[in-house]
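Visitor: Please take one part of this model and go through it closely. I would like the cut-offs behind each term as they come up.

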Amino acid sequence: MSLLISTNLTKKFSDFTAVNDLTFNVNRGDVYGFLGPNGAGKSTSLRMVLGLIHPTSGTVKVNNQTVNKTNRNYLSSIGALIERPDFYTNLSAYDNLKILAKFSNLKNKKRINEVLEEVGLLKKANVKVGSFSQGMKQRLGIAQALLHQPELIILDEPSNGLDPQGQIDMRKLIQRINSDLGITIIISSHILSEIEQIANRMIVINNGEKIVEGDVKQLMNSEQMKVRIKVNQLNSLKELLKTKALSFDTYDEFVIVKLKENEISSLVNLITDNNISVQEVRQLRTLEELFLKWTQ
Amino acid sequence: MKIYLLFFWLLISSSLIGQSDSAKSVMLSILNSIEKTPAYECDVKIILDVKFIKMKERFGRMFYTSSNKVDYKIKGFAFLPKKELTSSSSELLKKDFIAISMPYQTIREQKCSVIKVIPMDLESTIVTGQFWINNKNQISRMTFITKENGAFTADLFYGNIKFDLPKKLIVSFNVKDQKLPALITGDLEGYSSDESFEEVSKGIIEINYSNHLFKNL
Amino acid sequence: MDPMISLIQIELYKILKRPRTYIGFLAIFIIVVGLQMAMYFEGESLVTMGIQNLKNDFRLEGGIINVNLMTYILMNSLIIHIPILICLVTGDLIAGEASSGTLRLILQRPHSRSKIYLSKIITGFVYSTALILFMGLTTYLSGLLLFGNGDLIVLRRGVNVFSADDVFWRFTGAFSMGLLSMIVVASLSLMISSFVRNAIVPIVGTISVIIVLNIIFTLGANFFEPILPYVFTTHFIKWQYFFDFDLNYNAIYKAIGIQLAYIITFNAIGLIHFKNKDILS
């Protein structure tokens, strides 16, 4: 069931079109990847969902409520972290959330501590945000998005500026939010491996237009990928591949073959049936290559 | 003939000398009554009528110690005549002076003898004074021309106060209205171009005296 | 709780937590105390200069320098000093949040932009009122301590002398008029603030407008004379109308009307722009 539906969403600024006729939908329970190169229109699209930017044309519906200048109630069901996590740096984490809780008409003050604990910042509740690291601010950004128990959370580049451990922690947090709390998530990111790991559906946009949209695995399966195979009898493998008219490249002691994902097991069986011992089979084609292909 | 002319001249001169002396004696008797006034205090009500000064009447207490010492205790701020009239009168009459009788004039339906007083002291701040004396030997009006403070006229009104003290005094004089820099006043709108500056206008101060309390009686 | 009250509470909380808010109060305290100390030691000579001509023609009885005169003099700071202090806070209300990114944060909440803007307007008004009240109280208390009470002498279109018991309502009117002028300043700075993302622009912009217009008005350029009554800075001194001996009610009502028109206009422009602008920061 669709939680968010965008129909022919367009945004024209005076000198260029940032988003052009964008249609997509996000189902309840999705972790929805929003992908595109820099300047593709991702942030603009997400800002239009949040009412921060007014569309030139097209509509966005959230929970069957149309997003427009006068209707702001739908925002009760959305939490968002757009671009960098900005807070009142002269206030503590708790005070920042206290302000935002009041904005959201949240009466239960305990909720503030709950979300701080959720993101691992309870011990830093009374520390001024101005002294927070980037990672802490990102987590606080998630906390403010969770504060009013939304149905949908929009995260724009949540792992930006984080070290590898921070990125892992952020990924785990997002997965936990989705799986444990049942919150639908839209995540825009340049760290494509991250999307690959956590998103189940995605859209790729470029120059403000949709390129592809759909299930992540399906999109990957529909495309051939490179598989690297290492065997004990390299020449025999090469002969075998030639007889099956499979194109391949040789690299050191490896053979690299282009296959779809569902063809890998068949090939391995064929190799072993021909008494060639397989030492390694490795998938080389990732979402990154797909992304680059789609956005060229 | 010569004898008749000499006799006529003597007659005229004696009458002239007689008139100066009588005018002078009148002024001296007035000085005497001023000097004999004991110390007293009384209530005062001061009303100011000057073109460029706006204020309501002021109330206070006046403390008269001598002709040269008059103090006020006013509730708030007040504008008073630059010089006390008793002080001016004393200053003029205490030193040598010439008193000249002028033709009678009627002031407020009272026939008054008019005496002009010219001080002999060249250092005197008063150039000349003129007094209108009523039939009760009270000063109805006096005018002073001073070297530094211009000219001012005082009209005196009497009631039943002892020692011939007036119940009301109206002093009129010329006042110069001058525009002050806006940086001092803060009045940045300034004067309109229709209004005239540095105009000399007539200022009037009216002082009403009551509830006299005499000391050392 | 009414959402509007919540929003106002939030805005007030935010400005109370900012050190910048207190600069205005500190500055006023310094100005008031400084000027009064200066008058305490040097006031007589200054006053003498102002009333020298009167001393030539009259004997002056009673003190001139008192709390009422000091209050009157200090109200002239409404022309430049107080507007600057007000801009420091009100100019930052939107642009400051835009540059720090927190505007994005609060506009993601389920409140209309109109309400958010309105809450900031009211916060600006509350701050302006607090500043003016503080100025009045500080001036009065310290002036009473140093100089005592007395008649107020105002050199305005001549000399106006007001009894000590006749000045309280005049000062009430004057401060109210002064507050109205400062609300115009707050409205202008808030309007500019809604257009920009740099917090310095509305502060500098508003002050520049005030200074330039004040210079033109003070120089009394004949060329601008027809429009001067409708320029808002000319009304910064209209509080002085309450110190005319006989109040010119028509002039006062006109000044109030023009300033209210500016307040409404500035805020309407700011609000409309704020409602329709794209938040790109």
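Guide: Strand E1 (residues 40-49) of chain B runs antiparallel to strand E3 (residues 58-66) of chain B, and 7 bridges join them. Strands (E, at least two residues) and helices (H or I, at least four) are DSSP runs numbered from the N terminus, and two strands pair if DSSP finds at least two bridges between them. This is a predicted model, in which local features need pLDDT of at least 70 and side-chain atom pairs count only at pLDDT 80 or more, while totals for chains, interfaces and linings use all residues. Residues are numbered from 1 along each chain as its sequence is written, and chains are lettered from A and ligands numbered from 1 in the order in which they are written.

Another strand of chain B pairs across to chain C. An open sheet of 3 strands is ordered E2(B)-E3(C)-E2(C), and its pairing is mixed.

Chain B brings 27 residues into contact with 26 residues of chain C, where two residues are in contact if their C-beta atoms, placed from the backbone, lie within 7 Å. On the side of chain B that touches chain C, two or more residues come from each of strand E2 (53-55), strand E4 (69-74), strand E5 (78-81), strand E11 (166-176) and helix H3 (182-185) of chain B. E5(B) gives the most, with 4 residues. By class, this side of chain B has 15 nonpolar, 5 polar and 7 charged residues; Ala, Val, Leu, Ile, Met, Phe, Trp, Tyr, Cys and Pro count as nonpolar, Asp, Glu, Lys and Arg as charged, and the others, Gly among them, as polar. Of the 2 pairs of chains that touch, B and C have the most contacts. Chain A does not touch chain B, and their nearest C-alpha atoms are 41 Å apart.

Chain C also meets chain A, with 22 residues from chain C and 23 from chain A. Helix H1 (3-16), helix H6 (102-106) and H10 of chain C each give two or more residues to the side that touches chain A. That side of chain C divides into 7 nonpolar, 8 polar and 7 charged residues.

Next come the helices of chain C. Helix H7 (residues 113-147) of chain C and helix H8 (residues 168-195) of chain C have axes that come within 9 Å and cross at roughly 140°; axes are lines fitted to C-alpha atoms, for helices over the stretch in contact, and angles run from 0 to 180 degrees between N-to-C directions. H7(C) and H8(C) are therefore oblique to each other, since angles under 35 degrees count as roughly parallel, over 145 as roughly antiparallel, 65 to 115 as roughly perpendicular and the rest as oblique. The crossing of H7(C) past H8(C) is right-handed. Residues making the contact include Gly124(C), Phe125(C) and Ile132(C) of H7(C), and Phe175(C), Met182(C) and Ala186(C) of H8(C). By class, this contact has 9 nonpolar, 5 polar and 1 charged residues.

H8(C) also packs against helix H9 (residues 200-219) of chain C, at an angle of about 135° with the axes 8 Å apart. Here too the helices H8(C) and H9(C) are therefore oblique. Among the residues in contact are Val185(C) and Leu188(C) of H8(C), and Pro202(C) and Val209(C) of H9(C). The contact of H8(C) with H9(C) divides into 8 nonpolar, 4 polar and no charged residues.

As for confidence, the model scores ipTM 0.83 and pTM 0.82. Chain C averages a pLDDT of 91, and 99% of the residues score at least 70; pLDDT is the predictor's confidence in each residue, from 0 to 100.

Conventions. A crossing is left-handed if the near helix is turned anticlockwise from the far one by less than a right angle, and right-handed if clockwise.
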